[in-house]
Amino acid sequence: MKKTFRQKIITYFTDAAKKSRLLKYPCLAGMSVALVFYYIGMHFLNNGKRYASMLFVAVFFMSSCSFSFAVFAERTGFSSAQETYSAIVETSDVSLAEVEPVNPEVEEILEEGNVVSSEHDVEAETYTLDDLLAQHHEHDPNAEPHEDYVQTASKTGAGTDAERTFDSSDWSLVLINKQHPIPDDYDFKLGTFKSGMRCDERVIEDLLLMMQAAKNDGLNLVVRSPYRTSDHQEDNFNDRIKSYMRQGASYMEAYKATSTVITVPGCSEHEVGLALDITSDTYIPLQQGFAETKEGKWLEEHSHEYGFILRYPSGKEYITGIEYEPWHFRYVGREAAATMKNEGLCLEEFWDKYL
């Protein structure tokens, strides 16, 4: 009868050990190691389909989950990252409106066009122009706080669109989204106002100019949720997931719904002080209805003059991966902002075309 591979191993080492007493223990050890590898190999051979299925599920999850996709694509150089992500966004059958709330108040919040984003903090403080300028006039609290910021910003920037050149290493143009986490070597310095608000200090001058220009037009802009730490961002993301799950959604449903209104930790522009949520003193909530206010319309028309863009515009959700947020503004510099405004580009499209 033909011997099995296991029997051949035992016979080989047994015969070798019989030739010399000195080989007894080395052969015993060698036979033990060989048999261990034999049994491991047979286990994987007999359960190959099961492990292949587990591997497929793990790879599919890493490539499709919005939370892990950014790091997965960044580290592996996944060749079809953009196409895969776009397909996920376009074919996803879970939306905020489909997650049934358990009480009327939540239902009202989730109504279409009235979405409150977890990208901000519901209880966050608000900062008016007077709040932000207070530190510049500490010597005289009765002084008019706006005299230094009455100048008008350039509406178009230098040169025409065709003449402009942009540098991908420019700090103001850094691309941060689900596919592109905050670069490890990205460096910035926070500017902290006396009121407590923080953002990238290089953004402050244009921010004050924009808020002053709006005030000159009779509008009072209010900044909400500027810079936040990664831990704070993670808390926001997890809190929204838990909220949906309490309303009856599964974890994956809650995860997908959350990822359309808040970016995952490590992938938010708030974490580098370049993003600001801006509303008005008469319309505080961060809801899509802000777009219909005078302040919302003013920002849509003029923010680019001061280097800011509407980061998540309507009609670009399949590209940005985030729902329309008329309050969420990102600093990119005046020339880039003018180009994006004139050509109707979101930041991702701008990168594809110019960088």
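Trainee: Which residue is the bridge partner of Leu 276 in strand 7?

Mentor: Strands of a sheet pair through backbone hydrogen bonds, either parallel or antiparallel. Here, Phe 329 in strand 7 is the bridge partner of Leu 276. Strands are DSSP runs (E, at least two residues), numbered from the N terminus. This is a predicted model: local features need pLDDT of at least 70, side-chain atom pairs count only at pLDDT 80 or more, and totals for chains, interfaces and linings use all residues. Residues are numbered from 1 along each chain as its sequence is written, and side-chain values use heavy atoms, with hydrogens and water left out.

Trainee: How many bridges join strand 5 to strand 7?

Mentor: Two strands pair if DSSP finds at least two bridges between them. Strand 5 (residues 275-280) has three bridges to strand 7, and the two run antiparallel.

Trainee: And how many join strand 6 to strand 7?

Mentor: Four, again antiparallel, with strand 7 spanning residues 325-331. Ile 309 stands opposite Arg 330 of strand 7.

Trainee: What is the strand order in the open sheet?

Mentor: The order is 1-4-5-7-6, five strands with antiparallel pairing. Strand 1 (126-127) and strand 6 each have a single partner strand, so one side of each lacks a neighbour in the sheet.

Trainee: Is strand 6 mostly covered or uncovered?

Mentor: Buried means under 20% relative accessible area, exposed over 50%, partly exposed in between (1.4 Å probe, protein chains only). In strand 6 (residues 308-312), five of five residues are buried, so the strand is mostly covered.

Trainee: Is Asp 231 buried or exposed?

Mentor: Asp 231 counts as exposed because its relative accessibility is 56%.
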